[in-house]
Every structure is written in C-alpha cells, then in structure tokens.
Amino acid sequence: MEELRELLYRYLNDGLVRLTISNPRSKTEAAKISLRPVLLGEKLVFQASISRENKIFHRNLVKDEAVEEIVKWMGAYRQLEAFSQNGQATALVSKKGKVGIKEKKISCCVKQQDLSHNRKKKYILEPGRKVDFLVDLGVQTKEGKIVHAKYDKFRQINRFLEFIEDILPQLPEDREVTILDFGCGKSYLTFAMYHYLKELKGYQVHIIGLDLKEDVIAHCRELAIKYGYAGLDFYVGDIASYEGISQVDMVVTLHACDTATDYALDKAIRWNAKVILSVPCCQHEMNGQIKNEILAPIFSYGLIKERMAALFTDAIRAQILESKGYQVQILEFIDMEHTPKNILIRAVKKGRAKSGGDYRRIMEFLHVQPTLAALQDRGKDDKQNA
C-alpha cells in the first residue's frame with residue numbers, strides 16, 4: 001500500500017476536488033466514502049462522508065489521519081478515485097491487496113473549491129429566483145419555488161450549466177456564438193443554455209434546437225417568442241440529414257438514441273466545432289456486433305454484455321474524437337440512482353487530427369464497426385475522391 005500512501009500525500013491538499021472510495025467487498029461496508037477539503041478556522045482538514053443505510057456520517061481528519069484511514073478503508077474496498085486541480089487518479093485493489101494506480105493530467109476546466117465547512121450547494125440558477133421558462137416548463141411555481149417532483153430536473157439543468165461554465169473560455173466573445181442542440185425535446189436545457197449565455201453572461205448567441213416531434217417544436221417556438229428570445233430557433237429535422245448551417249461553435253446532443261449520437265458527433269467533427277457536449281442513450285448497435293473469443297464467457301450474460309457494449313461504444317467515440325484533435329473527458333452527468341444514462345462526453349478542440357490506430361485495434365479486438373467510425377471513413381473517402 002506504500003504506492004497508495006504516496007499518491008494520497010500528493011492529492012490530499014487544498015487543490016483536491018473530491019476523493020471517492022467505492023465498490024465494497026462486503027455488503028456490511030458503507031456503500032461509498034467520499035472526502036473533500038474543509039477549512040476549520042485556518043486549519044485544513046478532510047471531511048469524510050460515509051454513506052450507510054440512507055444516512056451520511058461525517059468525520060473530520062487531518063492529512064496524516066486521512067491517509068492512514070483511507071489505506072485502512074481500501075482493505076475493504078476495490079476502487080478509489082481522486083480528482084484535483086492538478087490531476088485525476090484511479091486506484092484499484094485486488095483480492096490479494098495488490099494496488100494498481102493510473103493517473104491523468106488535467107489541463108483545464110477545474111474550478112477553485114469552496115473550502116468553507118458549512119458550504120451550501122450553489123446553483124447557477126438559484127432556487128427561489130423566478131425564471132419564466134422554468135415556470136412554463138413546470139419546474140418552478142409562479143412564485144419561483146422549485147416543484148418538489150421536479151427537483152431532480154432542476155439539479156440536472158444546473159449541472160448541465162456547470163459543464164458549459166467550464167468551457168466558456170473556449171467560446172468566442174467578439175462575435176455571435178452558434179450552438180446546435182440535436183434532439184432538443186421539450187428543451188429544458190436549450191432554454192437554460194440561452195438564458196445563461198445570453199441573459200446572465202451577455203454572449204451573442206444563435207441557438208438552434210432540432211427535433212423530430214412537430215408538436216414539441218411548435219410549443220418551443222411559442223415559448224421562445226413569448227420570452228422574446230431573439231436568436232433562439234427551433235426546427236423539425238433529423239440529425240443525419242440536417243444541412244441548415246455550415247459553421248457551428250458548439251454541438252449539444254442529449255439522449256440522442258443509439259446511432260443518432262454518432263451522426264451528431266460526425267456533424268460536429270465536420271463543422272470543426274470547438275466544443276461538443278454529448279449524453280449518449282440506448283447504445284444498441286455494438287451490442288449486436290460485439291464478439292470476442294476471450295470475453296465470450298462474460299458476454300454470455302446478457303445484461304453484462306449490454307452494459308459493456310454501451311461503455312465500449314462511448315469509449316470508442318471518445319477515442320475517435322481524440323484522434324480528431326479534441327481533448328475529451330468522460331464525466332458523470334447526474335447521479336447513478338436517478339438514471340443509468342449518466343455519462344457525458346465533453347470534447348474541446350485543442351489541436352490537429354492525429355492517428356486513430358488505438359481505437360481501430362479495439363474495434364478489431366471486439367469485431368465491431370461503430371457508425372461514427374464508418375461515417376468518418378466515408379468522409380475521408382469523399383475528400384480523397386473530390
């Protein structure tokens with residue numbers, strides 16, 4: 001465990017964002033233990049939150065205590081994840097106590113943490129402050145209170161805006177920002193995005209919401225007119241065939257089903273979009289293709305195969321984006337208990353395209369041909385034949 005101790009001494013400081021211990025070996029252990037830095041007066045401690053039987057217990061530990069407690073806890077848990085302003089680390093502990101550690105540098109998008117002991121959750125859209133579109137969409141009452149049954153939706157909207165807040169430095173401030181929202185649906189997040197960027201941050205924006213449902217789009221248009229949201233347009237259209245614009249700064253695709261996500265990502269790459277935010281959904285394609293002799297015993301369990309196929313799908317998508325010059329993060333959108341569709345792919349264009357050999361080896365190993373890879377290959381052939 002010495003390697004783990006060394007890691008903890010490097011990560012346990014005021015730059016720590018969160019440290020999470022999970023995957024207990026026994027049902028008698030707490031489901032999860034998380035730590036965050038807290039200032040008590042001028043003293044830096046680490047507050048451990050231990051989740052057990054729908055209750056959370058807190059302990060405040062100084063650095064040396066925290067390190068030893070974590071090492072002790074990891075004797076009963078399989079996984080530790082640490083995320084700080086300087087890097088991201090994952091530690092996996094085998095049955096025999098062998099520790100495997102992977103680290104990744106973080107170059108952007110991590111905010112300074114509030115280290116106050118009794119901090120309250122700060123939302124970009126504050127609870128109690130009336131926002132017209134939230135009232136009309138049923139999230140707030142006319143008095144501005146959050147509807148109890150819609151509190152998860154309110155949290156989701158704010159979480160999404162936090163992701164956008166992180167990438168604001170990537171968006172141009174000297175001209176109109178063009179954003180395309182594929183599969184916008186009832187457009188909770190589309191309206192929130194417009195409100196945040198235009199009304200709160202003062203950006204010049206042109207946001208286009210696209211969906212196949214005519215009645216939903218008609219209602220969104222009515223609301224946009226009602227609020228006087230100039231530069232917010234809604235159209236009925238299919239992701240795969242949409243050609244209504246030639247340059248886009250940010251592409252958003254939330255819960256676009258199965259390969260619709262691939263078509264949206266392909267469009268974003270072709271537009272050279274600076275930012276991509278994508279929450280994939282219903283990844284069926286690879287589940288029907290995936291085949292590997294070594295993994296066959298695991299794939300014999302239908303549920304396991306389905307979930308692994310979904311994870312492989314998103315991992316390959318991320319690798320393809322990286323091969324096109326994007327810096328990619330796979331992030332948690334909302335908590336696991338609310339929906340299993342909780343992965344968000346955030347990609348920021350950072351450099352030139354590079355070789356995509358790594359993901360192609362994975363495709364060969366799994367005997368799969370994902371739609372995004374095929375679309376990118378087709379685009380390459382079209383350029384060569386032009």
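**View 1. Right-handed crossing of helices α4 and α5 in the predicted model.** The two helices, α4 (residues 151–166) and α5 (residues 188–200), have axes that come within 10 Å and cross at roughly 50°. Helix α4 is therefore oblique to α5.

**View 2. Residues at the contact of α4 with α5.** From α4, the contributing residues are Lys153, Gln156, Ile157, Phe160, Leu161, Ile164 and Glu165. Their counterparts in α5 are Tyr188, Leu189, Ala192, Met193, Tyr196 and Leu197. By class, the residues of this contact comprise 10 nonpolar, 1 polar and 2 charged.

**View 3. The open sheet of 7 strands.** The strands follow the order β4-β3-β2-β1-β5-β6-β7, and their pairing is antiparallel. Strands β4 (55–61) and β7 (99–105) form the edges, each pairing on one side only. From one strand to the next, the twist averages 20°.

View 4. Among the residues involved, Leu92 has Gly100 in β7 as its bridge partner.

**View 5. Helices α1 and α2 against the sheet.** Helix α1 (residues 2–11) lies across β1 (16–24), β5 (77–84), β6 and β7, and runs at about 30° to β7. Helix α2 (residues 63–73) also packs on the sheet, where it touches β1, β2 (32–40), β3 (43–52), β4 and β5. The direction of α2 makes about 135° with that of β4.

Methods
Residues numbered from 1 in each chain as written. Predicted model: local features only at pLDDT ≥ 70, side-chain atom pairs only at ≥ 80, totals over all residues. Heavy atoms only, no water. Axes fitted to C-alpha atoms, helices over the stretch in contact; angles between N-to-C directions. Helix = DSSP H or I, 4+ residues; strand = E, 2+ residues; numbered from the N terminus. Parallel < 35°, antiparallel > 145°, perpendicular 65-115°, else oblique. Left-handed = near helix turned anticlockwise from the far one by under 90°. Contact = heavy atoms within 4.5 Å. Nonpolar A, V, L, I, M, F, W, Y, C, P; charged D, E, K, R; others polar. Pairing = 2+ DSSP bridges.
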